[in-house]
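I opened this notebook to record what I looked up in one structure. The entries follow the order of my reading.

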Amino acid sequence: MSKRIACVTLDIESDLLDKSGRIRMFDNTDLMGKYSSIVNNNNVKVTGFLVTSLIGKYSTEIGLLSRTIPIEFGVHSHSHERRLEYFANEVNSSVTAYEDFFGVKPIGYRAPNGLINRESIFSLIENQFKYDASIFPSIRLDEYGYSNLHLPNKPFRFVHSNDEIIELPAACLDTIRLVFSMSYVKFLGLELYKTLMRVFPLPDIVVIDSHPYDYYINRIAGNIQGWKRYAHLRNSEEAFSVFESVVALLQEKGYEFMFMSELYKYVADLPKLPTIPVEKLR
Ligand SMILES: [Zn+2]
């Protein structure tokens with residue numbers, strides 16, 4: 001059996017639909033403490049994808065988090081702008097802000113809501129990103145809809161003439177391509193996933209998407225309308241224990257926790273990584 005690797009990723013952005021741009025996990029030591037203790041007690045490694053315009057406001061908390069848990073940082077755009085015509089601007093601003101703060105170039109990028117096209121990949125390559133983590137190899141039916149069912153459910157190389165970037169896609173169950181992220185697991189329940197996994201297992205490499213607000217969505221539910229409000233509120237009181245159960249399940253199944261940079265290095269050295277032309281993206 002090939003090696004099983006799990007990466008817990010945290011998209012560090014303002015709380016869902018919060019106009020004030022707050023991250024309550026950073027404003028509340030109790031929330032931060034609960035999250036950190038689960039991470040530390042289970043030897044989880046976290047990769048935080050930062051909305052870099054928030055670095056100024058939350059520099060103290062980012063520093064504190066770095067000293068509290070094993071965490072490294074990538075980029076989650078500069079201002080969480082989703083419109084693809086602004087993608088290159090977002091990448092440029094985010095690289096500047098990241099370098100100003102950390103003193104090194106970022107190597108990993110995740111686009112807001114997984115929205116990415118060919119030109120977006122070219123801007124990442126131009127800015128010397130080593131990996132992208134924007135692809136959800138699934139189908140999304142809301143206003144940000146996309147279909148990535150034609151892309152692999154495991155790491156691959158995006159290539160265009162002599163250029164390339166490694167893609168580390170978000171985890172989906174085999175065949176049915178159901179996304180395995182904190183918000184989906186809270187919505188559908190881990191028990192349903194466990195049942196489905198008997199027939200449609202998780203891939204050997206699991207990149208789990210999450211957000212700070214996944215852990216306290218009940219505190220901000222007023223911001224959310226319609227079916228999404230219902231979806232987000234399911235299991236919201238138990239969010240931290242759902243996280244613990246997800247971590248325990250991965251450990252039981254023999255997954256080793258890694259940072260995304262470690263996964264990138266592991267994948268880049270694999271002899272037979274699938275190659276996908278960037279033209280496969282719209
Ligand atoms: Zn986001």
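Entry 1, conventions. I worked from a predicted model, in which local features need pLDDT of at least 70 and side-chain atom pairs count only at pLDDT 80 or more, while totals for chains, interfaces and linings use all residues. Residues are numbered from 1 along each chain as its sequence is written. I took helices (H or I, at least four residues) and strands (E, at least two) as DSSP runs numbered from the N terminus. I called a residue buried if 20 or more other C-beta atoms lie within 10 Å of its own, exposed if 12 or fewer, and partly exposed in between, with C-beta atoms placed from the backbone.

I looked up which residues of H2 are buried and found Met32, Tyr35 and Val39. Seen down the axis of H2, these fall within an arc of 70° and so line one face of the helix; the arc is that of the directions from the helix axis to the C-beta atoms. On the other side of H2, I noted Thr29, Asp30, Gly33, Asn40 and Asn41 as exposed. The buried residues of H2 pack against helix H1 (24-27) and strand E2 (46-50), contact being C-beta atoms, placed from the backbone, within 7 Å. Just after H2, Asn43 has a positive phi of about 55°.

In H10 (residues 260-268), I found Met260, Leu263, Tyr264 and Val267 buried. They cover an arc of only 105° around the axis, which puts them on the same side of H10.

I located Ser93 in helix H4 (residues 87-102). Ser93 counts as partly exposed because it has 18 C-beta neighbours inside 10 Å.

Methods. Two residues are in contact if their C-beta atoms, placed from the backbone, lie within 7 Å.
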